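Good morning, and thank you for making time for this presentation. I would ask you to keep the sequence and the structure in view while I speak.

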Amino acid sequence: MLPPAPALDATTTPSGFLLVLSIVVPVMGVLLAFVLGNRYVRSVACAVIPLGLAIAVTILVALSQSKSPLVYLLGAWPPPLGVALRADGLSAAMLAATAVVICAVAVYADADFSVTATEIRAPFTFWILLLAVWGALNTILVGGDLFTLYVALELLTFAAVPLVSLDGRPETLRAAIRYLLFALVGSVLYLLGTAILYGLYGTLDIVLLSHWIGAEPTSLVAAALMTTGLLAKTALFPLHLWLPPAHAGAPAAASAILSGLVVKGSFFVIVRLWFQVMPGLPGFGATQLLGALGAAAIVFGSVLALRQERLKLLIAYSTLAQIGYLFLMFPLAFDASGYLESGDALAGGLLQAVSHATAKAAMFMAAGSIYAGLGHDRITGLHGVARVLPLSVLAFAFAGIALMGVQPSGASLAKDLLLQAATKTGQWWWAVVLQTGGMLTTAYVVLVLAHALASSDKSIALTGPAPRLRDMAALVLALCSLLLGFVPWEPLLSVPYDSTSSFFGPGALAKLLLPVLGGVMLAILLSPWPDPLVSSARWKVATRVLDPFRRTCCAFGGLVQRGNGVLCQWPAASISLLMLALLFGALMLVAA
Amino acid sequence: MSGVTVFGLCAAAAVGLGFYGLITNPQPLRKIIAFNLLGSGVFLLFGVVGRRGAVAGTGNDPVPQALVITGVVVAFSATALAIALLLRLFQTTGSTKLSNRTSPGDGSDPAGG
Amino acid sequence: MSLVRDMMTIAAVSAGAFFFLAGTVGLLRFPDTLTRLHALTKADNLGLGLVVLGLLPQAGGLRDGLKLVSIWLLGLLAGATVSQLIARTAHHGSTR
Amino acid sequence: MSVATAFEIVLAAVVLGLGTWTIVVRETFSATVGFVAYGLLVALIWVRLDAVDVALTEAAIGGGLGGVLLLGAAARLWDADLMAMEAPGEVARASAAALSVLTAAALAGAVLLLPDPAPTLAPAAVANAWATSLSNPVTNVLMAFRAMDTMLEKVVLLLAIIGVWSLAPDSAWGGRPGPRHQADPRGVLAFLARLLPPVGIVVGIYILWTGADHPGGAFQGGAIVASMWLLAIMAGLADTPPVSRRSVRFILAAGPGLFLVVGLAGLLFGAAFLSYPPAQAKPLILGIEVAMTLTIAATLGLLLAGAPERSAEP
């Protein structure tokens, strides 16, 4: 039933110690910064961050040279008694992306969270938590044991929650409580699953479990519980009640971390679980359900993003939609043999995660600069901002273009890979979802850019200085995301696609124009705000033709918003959590 | 029915109880108590698993025991953090209401930059 | 010899259990805080004392016996203090 | 049915009854009291499961410090009792009940279907005890075989402290956590707070020391020491330290810090990260445990004290 077990990687590989360092260095930074306090907090962060980046790059190089996963046995105890750390191409790619985002955020935050001789609360907390998020994420990325992953997930939650309520306003406190409670429910479900798995197989090591696990009813219960718990922590629709207020309410640098990186932690554990621990268990139904939830997230998140008044909330809802995008790889990876194949679809999904991490962090950073410059972030009040804050708007635009999937961005490569997988497995409906998702993304990016680029009759007074370094950090990060298509992915992910061949030519042009035109239409139709393009006199005729459509679309948007209001109430969200757990269990049982 | 099975069923029931309380109790502090109940059910499940794996010389498999001790510490820290958040919210607003007046997120004030 | 020890244990522990039962019934049935406290102290002091006394013959050695006695003493100390505190609070509450 | 099984059934029933009462009772304060009793009885279940280490932890945390934490919060949130919102409707309540029952049933089914004989790591843990020369297998798992989890868990505790402190108003940063308790020098609480801590601290150290070979260890010992400290604070005999004090922070970071240093020494000079040379394993582990006990005691005490809210001057 299961593929024959290859020899267990029961020895430490030569460069395995790098994995230990990738965890120990940030954690050491947390401890040192906490003890030293005062202005040393920043110095410690400044010392640790380049070091951590260097370690991530070294892991990348070591992995592409060795061609096999890096392994480290902690305390020299082999699993199942001991705990192993492992890094494959997926972990290495995510490690590098995490390091890059953390670096950019650190540069960006330097102005907001400057330290002085006497200790101030917010900078002290922020710098320590930044390092803590990093240490937790690295542990998640290289952890080879399900319980170690649990501790790391909790570490991540404990670092993320105070970031949400860093400025102490009542709304952010409420958001933080909601986030904490829901994340705790998620981790309890995950822990339930680990207890059952230990009872079944006497190990929690990922590689050992993947050899021993079978489609028994008990293991399916565990799989369903763990999956659902992790979905709650990832905020996949309909378990997203905590995400928009938490991500939009936090300070910009913290939002960049939360939206770009923190949700990827639990997402990565789901990938590990489904693709590595139990590729044979989920079956067709469960993968389709996961994809369907993703599709619903894309529609809900994008439509709600288009209806937001404020830029940061728009970006938060965009995160909701993009999380949905990440889950489309699960049905596409499911092939005729009944297993989740680690092929195109997995590579595409991971690339999407990397490119979303960089682009979304850059977007929040740009939005933060705009907020700091204008003193507000109402989208309809953005007219003329491109003239006074050109760099911030440019960073936002680049990040938006990268998210839209315009070549050569990582998202475009990811989309190609996923479309390829859809063709190969004959699941055309996911191709439709992918294209629609691209258009919807374009819609809200275009909406913001249209307002930001529109001319203003009033002159805009900036409320604060605009540090150039801050904008440069956002810009560089956005460019990273935009140029991900040029990165040689072959050694890390199995990317068979020749990524640099067709940047120009009619096919590429059509691929570019279709989502853009569709997106503009959707932006005009779905956004309830007066559109700067349409409201000018030249477009009067078009407006009259469009009006009935617009009204229908607005009604649809209102409906979505009302539905979201219900789903975002605690009882509804937690009931759907349990319902999903049972549904996943039932679908897996049927498949088994 | 052996004692281990009894406690295994007890653990499952405690988990169910915890979920019910967590969903239906409107007060955040009660949700936190329900979470602790839920957590104790999960830990008991580990205990039952460990007890089943007992061999001569050890009454209970030490690995699940160690996992539970780690888990209890994490759950306690979570409780402390949640309560600190609640108390702070109470201090600033005089209410521990978790929902905003309109749907969450849409009605909140401008975010910090 | 062991039979005598077991008999002692059974007798003392049963007596202790009786006091616990009586104390619990009093705690549930008595009308106000002070009388409830009165019932509770019977369980705490006498009940626990008798249970410890009953377990002493079963103790493995002097060390275990000492541990048992110190549990009783600590229980007495904590019980007495807490009863004081509760009674004082109840008293303040009723006279205010 | 044997007497033992009958006792176990009664115990489980009482625990579940208390749990139900905790969930459904109207007043939050009663629920808190119910939870404390529940925690103590669950500790009894752990004894029956022959997991005394966990029983000690559960009694110290679930019934003890956790109870204090919840009671304190319930008392301070007394007026807020009626102000919570988002109560579910009848339909939501019914479906929540149905789904909870289904989930519990699925879990119960999973428990009943667990394989026999059960897989276990107990023989492996016992067979490898030579590496540390400690004979309590739980301590071996915590400090050697799965040392990484234990180290990370201590970092979780530190993050919880940072998270709680981060909720302070900006003006109170660096100050002392929690309200100042007024000492009543002739009061009975002050009397207890003078009498008990010496005994309690000895017991705490004993539990730490005996953890090498018998049930006990750093966490259980630390929890007892923490409760002694809290008793002195509540009686007004001691005050919480200002959070800006360097020595306090050093103690809070000492446990994971020493763990990491020893681990790195293993990486540089020994077999692997977090490995101990067998000859020095026992003293090294005991050293880490002493540091961890101090850290745990300080962390638990400060977690209960809450966010800084007063200036550092007494």
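This is a predicted model: local features need pLDDT of at least 70, side-chain atom pairs count only at pLDDT 80 or more; totals for chains, interfaces and linings use all residues.

**Chain A and its neighbours**

Let me begin with chain A: of its contacts between residues at least 6 apart in sequence, 82% join residues at least 24 apart. In chain A the secondary structure amounts to 22 helices and two strands. The radius of gyration of this chain is 23 Å, close to the 25 Å given by the globule rule for 592 residues, so chain A is as compact as a globular protein of that length. Of the 592 residues in chain A, 66% are buried.

I turn now to the contact between chain D and chain A. Chain D contributes 55 residues and chain A contributes 58. On the side of chain D that touches chain A, the elements giving two or more residues are α4 (90-112), α5 (122-127), α6 (137-145), α7 (147-165) and α10 of chain D. Which of these has the largest share? That is α7(D), with twelve residues. Sorted by class, this side of chain D holds 39 nonpolar, ten polar and six charged residues.

Please look next at helix α10 of chain D, residues 246-269, which takes part in two helix pairs that I wish to describe. Two packed helices are described by the angle between their axes and the distance between the axes.

The first pair joins two chains. Helix α1 of chain A, residues 17-36, and α10(D) have axes that come within 10 Å and cross at roughly 155°. This makes α1(A) roughly antiparallel to α10(D), and the crossing is left-handed. From α1(A), the residues that meet α10(D) include A:Phe17, A:Val20, A:Leu31 and A:Phe34; from α10(D), they include D:Arg249, D:Phe250, D:Gly257 and D:Leu267. The residues of this contact comprise 14 nonpolar, one polar and one charged.

The second pair lies within chain D. Here the axes of α10(D) and α11(D), the latter covering residues 281-305, come within 8 Å and cross at roughly 150°. An angle over 145 degrees counts as roughly antiparallel, and α10(D) and α11(D) are therefore roughly antiparallel to each other. Their crossing is left-handed. Among the contact residues are D:Val248, D:Ile251, D:Leu258 and D:Phe259 of α10(D), and D:Leu284, D:Ile288, D:Met292 and D:Thr299 of α11(D).

I close with one residue of chain C. C:Leu55 belongs to helix α2 of chain C, residues 33-55. Is C:Leu55 buried or partly exposed? With 18 C-beta neighbours inside 10 Å, C:Leu55 counts as partly exposed. Leaving aside residues up to four places away in sequence, C:Leu55 touches C:Thr9 and C:Leu68. From C:Leu55 to C:Ile71 the separation is 16 residues in sequence and 12 Å in space, C-alpha to C-alpha.

Notes:
Residues are numbered from 1 along each chain as its sequence is written. Chains are lettered from A and ligands numbered from 1 in the order in which they are written. Axes are lines fitted to C-alpha atoms, for helices over the stretch in contact, and angles run from 0 to 180 degrees between N-to-C directions. Helices (H or I, at least four residues) and strands (E, at least two) are DSSP runs, numbered from the N terminus. Angles under 35 degrees count as roughly parallel, over 145 as roughly antiparallel, 65 to 115 as roughly perpendicular and the rest as oblique. A crossing is left-handed if the near helix is turned anticlockwise from the far one by less than a right angle, and right-handed if clockwise. Two residues are in contact if their C-beta atoms, placed from the backbone, lie within 7 Å. The radius of gyration is taken over C-alpha atoms; the globule rule is 2.2 Å times the number of residues to the power 0.38. A residue is buried if 20 or more other C-beta atoms lie within 10 Å of its own, exposed if 12 or fewer, and partly exposed in between; C-beta atoms are placed from the backbone. Ala, Val, Leu, Ile, Met, Phe, Trp, Tyr, Cys and Pro count as nonpolar, Asp, Glu, Lys and Arg as charged, and the others, Gly among them, as polar.
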